[in-house]
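Student: I have a new structure open and I'd like a quick tour. Can we go through it piece by piece?

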There are 2 protein chains.
Amino acid sequence: MAARQDVQQADVPAICKSCEARQDGLCGAFNARQLAELAKASSRHEVPAGTELPDDGTYSNLLSGVVKLTRNLSDGRQQIVGFHFAPDFLGRPFEAKKPIRAEALTNVALCSFPRAIIDRMANEMPELGRLLLKHALNELDEARDWMAALGRKTASEKVASFLLMVARNTDPAHHPASPISFDLPLTRTDIADFLGLTIETVSRELSRLRSDGTIRIVNKRQISLASMARIEERCGD
Amino acid sequence: MAARQDVQQADVPAICKSCEARQDGLCGAFNARQLAELAKASSRHEVPAGTELPDDGTYSNLLSGVVKLTRNLSDGRQQIVGFHFAPDFLGRPFEAKKPIRAEALTNVALCSFPRAIIDRMANEMPELGRLLLKHALNELDEARDWMAALGRKTASEKVASFLLMVARNTDPAHHPASPISFDLPLTRTDIADFLGLTIETVSRELSRLRSDGTIRIVNKRQISLASMARIEERCGD
DNA sequence: CGAGCAGTTGAACCGAGTCAAGGGGAGTGG
DNA sequence: CCACTCCCCTTGACTCGGTTCAACTGCTCG
C-alpha cells in the first residue's frame, strides 16, 4: 500500500508536488495519472490586486491571495457576498442567474483548467463530484452565516465577527487564548461592503474595540487580537 | 425512442406517476427501475404547520407546502436563511458546522428516502451528483441574492423583493404586466425574520405599498399585486 | 513640498426600532 | 346569537443606532 503510493508519488507532475491545492483544494481528489493529464491542460498565472476575474468558464485553484465576490444593486450599492482564500478554488458548472463579480483583493496566483476537463472527470469519478458538492455546501453554509449576521447583528457584532473570520482563516488551528495578528486584505470600504455598513461605522467600531483592549491596530491594515476567545464573545452567536 | 419511453413509463411505480418531483424535483434524474427501487425504501408522510423537521439524515421531496430554514443567535434573535417550496427537496450529505433548523410553515407533505440510498446512487450515476450540485448552487445563488438585500436594501425594497419572490414562486411563468394574487405562507413575524426587520416595519411598508396602489391586501394573508413589473421597480435591483 | 487618497472623528440627521394602544377575526362558552 | 378572549396585526409617538455630511490626520508618491 505504502509502496504503491510511492510509485504514484513519483509520477506526480513537478509543478503539483508542493502545491497546497493537493492538500486542501480541488486536486486532493486526483491520483498521479489524473494530475498529469490535468497539468498538461492547466495554466498558471498571477494577477495584481484589483483585477477582475472574468467568469470565463474555467476552474481555478487559488494558490495565494484573496478574492472577493460582489453583487451590485442598480444604483451602485454594493454587497460582498463571499470571499475565496487560498487554497480554495473558483469556478462552477452552472451560471448564476444574476451576475456575480469576482475581483482580486490582493495579488493572486491561480492555476486554471478548462471547464470541459473537470466536467468530464466529474462524470468519471464520483469522488470529484462529491468534492465539488461538499465545496458548494460549505459556501452555502458560510453565506447563511453571513445572512444571519447581516440581518440580525449590530454593527459592533458584525465587525467582531469579521475579524474573527479573518483570524480563523489566517490560522485555523490557533489556540483560542493566545494573541494573534494578521494583515487585513481589505480596505475599510470593502469591509463596509461586506458587513452592510458604512466605512465611518466600521472605523468607529474598530476604534471602540481598540479602546477597550480587544484589539490593537498596529497600522491601518495590520490588526492583532488579544485572543480569539475575547473577540468571539463579541460576535453575538 | 418514444416506444422505449412508454415501456419505461409502464414500470414507473404508481405512487410516482403523478408526482411533481419527477418533473422539477430530485426524481427527474431516475429511470423507472431506479424509481421502483427508491419507492420501496421511501415513505410518504404529512406534518402540520409548525412542525420542526429534524435533520435526521434523510432526503425528502417536498410534495406540497413551504418550509423555512432558520439560524439563531445566542440571545434568541432569529434569521430565516432560506425557504423550500414544493417540489423542492431537502437533505444534504454533509453536516453544517452551525445548526440550521427546518420548520414547516404550512401543512407539508414529504416523500423521504434514507440517505444511504441516495448517496450510493450518486456514486453510480454522475447525473444524480450533477443534479445535487446544481441544486446546491441554486440555493447558494439565492442565499447571495438575499445577502445583498439584507445588507444593502431599504425596508421597503426588502418587502417588495419578498413579495416578488413569493409571486414568482406561485407562478414562475406569470405575465409581467398582469395582476396576480396569492396567499402568504408566512406570518408577519416570519417575514420580519426573513428580511431582518421588525414586524412593525413590515406592517408599515405593506401599508405604504397598499396606499400607493402597488398591492391590495385582501386580508392579512392574501395579497394581490397590480403587476409583477410594478413590484419589480421597487426592488432596487 | 504639495497633491491625493485612506482612514478617523465629530455633529446633525433620519430610517428603522421600541414602546404602547387599539383593531379585527377566529374560536369558545354562555 | 352574542360576549369574551386570544392572537395577529396595524398604527402612532418617541428613541436610538447607524448614516450623512464635513473637517481633519497621516501616508505615500510624484
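Student: Which residues come nearest to DNA strand C?

Tutor: This is a predicted model, so keep that in mind throughout. Of the 17 residues around DNA strand C, the nearest are A:Arg188, A:Ser203, A:Ser207, B:Thr154 and B:Thr201.

Student: Which elements give two or more residues to that surface near DNA strand C?

Tutor: Chain A supplies helix H7 (188-195) and H8. Chain B supplies H8.

Student: And which element gives the most there?

Tutor: H8(A) does, with 6 residues near DNA strand C.

Student: OK, now DNA strand D. Which residues come nearest?

Tutor: A:Ala155, A:Thr201, B:Arg188, B:Ser203 and B:Ser207, out of 17 residues around DNA strand D. Helix H8 (199-211) of chain A gives two or more residues to this surface, and so do helix H7 (188-195) and helix H8 (199-211) of chain B.

Student: Which element has the largest share near DNA strand D?

Tutor: H8(B), with 6 residues. By class, the surface near DNA strand D has 5 nonpolar, 7 polar and 5 charged residues.

Student: Let's switch to the two chains. How is chain A laid on chain B?

Tutor: A turn of 180° does it, with a shift of 0.0 Å along the axis. The RMSD is 0.0 Å. That is the relation of a two-fold axis.

Student: How many residues does the contact take from each chain?

Tutor: It takes 38 residues from chain A and 38 residues from chain B.

Student: Which element gives the most to chain A's side?

Tutor: H5(A) gives the most to the side of chain A that touches chain B, with 19 residues. The elements of chain A that give two or more residues to that side are E5, helix H4 (115-124) and helix H5 (126-152).

Student: And the classes on that side?

Tutor: The side of chain A that touches chain B has 18 nonpolar, 8 polar and 12 charged residues.

Student: Why do the copies meet through the same surface?

Tutor: Look at the interface residues. 100% of those in chain A are also interface residues in chain B, so the copies meet through the same surface.

Student: New topic: sheets. What is the strand order in the open sheet of chain B?

Tutor: The order is E1-E8-E3-E6, so read off 4 strands with antiparallel pairing.

Student: Which strands are at the edges?

Tutor: Strand E1 (43-47) and strand E6 (89-90) of chain B. Each pairs on one side only.

Student: How many bridges join E1(B) and E8(B)?

Tutor: E1(B) pairs with strand E8 (residues 108-114) of chain B over 5 bridges, in the antiparallel sense. In E8(B), B:Ser112 is the bridge partner of B:Ser43.

Student: Which helix lies across E8 of chain B?

Tutor: Helix H4 (residues 115-124) of chain B. H4 lies across strand E3 (58-64) as well as E8, and runs at about 65° to E8(B).

Student: Last thing. Where is the cis peptide bond in chain B?

Tutor: Between B:Ala86 and B:Pro87, with omega about 0°. B:Pro87 sits in the loop between strand E5 (78-85) and E6 of chain B.

Student: What does a cis peptide bond join in chain A?

Tutor: A:Ala86 and A:Pro87, again with omega about 0°. A:Pro87 lies in the loop between strand E5 (78-85) and strand E6 (89-90) of chain A. For context, most peptide bonds are trans.

Terms used:
Residues are numbered from 1 along each chain as its sequence is written. Chains are lettered from A and ligands numbered from 1 in the order in which they are written. This is a predicted model: local features need pLDDT of at least 70, side-chain atom pairs count only at pLDDT 80 or more; totals for chains, interfaces and linings use all residues. Two strands pair if DSSP finds at least two bridges between them. Two residues are in contact if their C-beta atoms, placed from the backbone, lie within 7 Å. Axes are lines fitted to C-alpha atoms, for helices over the stretch in contact, and angles run from 0 to 180 degrees between N-to-C directions. A residue is near a molecule or strand if its C-beta atom, placed from the backbone, lies within 6 Å of it. Ala, Val, Leu, Ile, Met, Phe, Trp, Tyr, Cys and Pro count as nonpolar, Asp, Glu, Lys and Arg as charged, and the others, Gly among them, as polar. Copies are superposed by least squares on the C-alpha atoms of residues with pLDDT of at least 70 in both.
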